[in-house]
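Hi,

Here's the structure I promised to pass along.

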Amino acid sequence: MSQSAQRIVNNPKFQELVAKRSAFAWTLSIAMLVIYFGFILLVAFGKSFLGTPIGSGVTTWGIPVGVFTIVSAFILTGIYVHRANGEFDELNRQILEESK
């Protein structure tokens, strides 16, 4: 490993960045898995609920629940990108400055 790479790896801010980013990514991943598998379990065991019409129309509860499942993936991705572009990029910039 080169000397500059070794300085980066040994930097406490790098360790902080890795720990924060990993914990945040795992948290969002678990949230998405809960939403997705919750939807799958609802499809498997809650067919009567998902098939219940909303109001007097033909739309059932399955449509908004399915849309929520898809949209939640975009929202969680946006949350990660927002934090990555702010806090994580700032830590990365500091690490690179200190390694020069």
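Below is what I found, going from the overall fold down to one residue.

First, a caveat: this is a predicted model. The protein chain has four helices and zero strands, so from the N terminus the order is simply α-α-α-α. Its radius of gyration is 21 Å, well over the 13 Å that the globule rule gives for 100 residues, so the chain is more spread out than a compact globule. The C-alpha trace spans about 65 × 20 × 15 Å along its principal axes. Of the 100 residues, 18% are buried, and the accessible surface is about 7000 Å², with carbon and sulfur atoms accounting for 70% of that. Among contacts between residues at least 6 apart in sequence, 63% link residues at least 24 apart.

Now the inside. The largest nonpolar core has nine residues: L17, F24, L28, M32, L76, A84, F88, L91 and I95.

Is T69 buried or exposed? It counts as buried, because its relative accessibility is 8%, below the 20% cut-off. The T69 side chain reaches the backbone oxygen of V65 at 3.0 Å. Leaving out residues up to four places away in sequence, T69 touches M32, I35, Y36 and F39. One of these, M32, also belongs to the nonpolar core above.

Cheers

Note on methods
Residues numbered from 1 in each chain as written. Predicted model: local features only at pLDDT ≥ 70, side-chain atom pairs only at ≥ 80, totals over all residues. Heavy atoms only, no water. Buried < 20%, exposed > 50% of the residue type's maximum accessible area, 1.4 Å probe, protein only. Polar contact = N/O pair within 3.5 Å; in protein donor to acceptor, adjacent residues only side chain to side chain. Contact = heavy atoms within 4.5 Å. Core = buried A, V, L, I, M, F, W, Y, C linked by side-chain atoms within 4.5 Å. Helix = DSSP H or I, 4+ residues; strand = E, 2+ residues; numbered from the N terminus. Rg over C-alpha atoms; globule rule 2.2 N^0.38 Å. Areas by Shrake-Rupley, 256 points an atom, 1.4 Å probe, with all protein chains shown as cover.
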